[in-house]
Amino acid sequence: MEIIDVHLHFFENFNAENGPMRQQVKRMMEENNVVMAIAMGSGRPQYQENPPRVIPPLLPHMDAPLDLAQYNFLPNTAYCAGINPHGLCDANRKATQEAFARALSTPHCVGLKIYAGYQYFYVDDPIYYPFYELAEQFHVPVVIHTGDTANPTALLKYSHPLTVDAVAVNFPRVQFVMAHYGNPFIVEATEVAKKNPNVAIDLSGMAVGDIEPDAFFARYGGYVQHLRTWMAYLDSYEKLLYGTDWPLADMGSYLRLMQAIVPEAHHQEVFHDNALRIFQKLNGLLPSSSSTAL
């Protein structure tokens with residue numbers, strides 16, 4: 001079946017020992033029948049002014065910076081523009097909103113991304129409200145990092161999935177996606193998604209590295225059963241989206257792992273169809289054969 005990976009990263013400091021990122025990503029996508037992948041814009045910008053005149057979107061980097069005017073990444077990739085709230089103030093708010101609107105006006109910008117936990121703001125902080133309004137205006141989802149973090153200086157109180165409940169209630173016409181299923185706070189993430197019709201879950205980053213499924217099940221059987229139990233309790237597989245968090249997780253072995261965890265009866269929706277419904281702009285990027293499932 002055709003696969004859509006809704007969560008990976010194209011980093012500027014990528015290790016190119018095995019060749020340029022573009023070649024590696026193209027090969028892995030072809031090997032695993034991934035017909036579309038969404039990169040999360042990220043980075044740590046350095047500003048020369050205080051306050052900066054504009055807080056630009058955080059963008060992915062595939063061997064070269066992203067060209068907003070003429071998309072220069074693989075054609076079967078898209079991205080979510082990352083939000084960096086640090087330095088945002090009344091003096092640069094209008095210019096910042098215009099910069100994000102320009103990105104969202106392009107076909108390949110299919111959503112926004114918030115790095116809760118890494119950024120010391122709750123997701124219902126008013127500093128994010130203008131971005132949620134943009135998401136509603138452009139009909140794109142907001143992906144929120146939830147759960148564990150890769151950096152010990154991040155704060156879990158900001159990335160706990162329960163924080164998504166308030167913003168989902170306050171912005172009912174915005175689609176939110178909790179990245180990483182809020183892991184390890186899977187119970188709370190399940191309840192937030194079950195309660196709020198505008199909250200979905202991506203399954204990226206639930207394991208890292210090159211994972212051999214049988215060995216993973218043998219070592220983490222309780223974790224796998226816990227995940228299956230709460231997926232079943234959610235009982236809404238239309239809310240689950242497949243993602244890897246590559247390069248933190250190997251694209252091929254992670255796909256096999258998640259295919260073994262998600263019930264086979266729901267593979268088509270979880271690994272493909274749900275992405276097209278939630279990231280609606282993907283429908284304009286995929287060949288017609290890949291978007292006819294909806």
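1. Helix α2 makes a right-handed crossing with α3 (right-handed if the near helix is turned clockwise from the far one by less than a right angle, left-handed if anticlockwise). Helices here are DSSP runs of H or I of at least four residues, and strands are E runs of at least two, numbered from the N terminus.

2. Before going on, please note that this is a predicted model, where local features need pLDDT of at least 70, side-chain atom pairs count only at pLDDT 80 or more, and totals for chains, interfaces and linings use all residues. Residues are numbered from 1 along each chain as its sequence is written, and side-chain values use heavy atoms, with hydrogens and water left out.

3. On the α2 side of the contact (heavy atoms within 4.5 Å) you will find Arg93, Thr96, Gln97, Phe100, Ala101 and Leu104, which meet Pro130, Phe131, Leu134 and Phe138 of α3.

4. Now to Leu241, which sits in strand β8 (residues 240-241). Leu241 is buried, at a relative accessible area of 0% (buried means under 20%, exposed over 50%, partly exposed in between, with a 1.4 Å probe and protein chains only). Leaving out residues up to four places away in sequence, Leu241 touches residues including Val6, Val177, Leu203, Val270, Asn274, Ala275 and Ile278.

5. Several of those names come back in helix α10 (residues 267-278). Of its 12 residues, 9 are buried, leaving α10 mostly covered; among them are Val270, Asn274, Ala275 and Ile278.

Methods
The expected span of a helix is 1.5 Å times one less than its number of residues.
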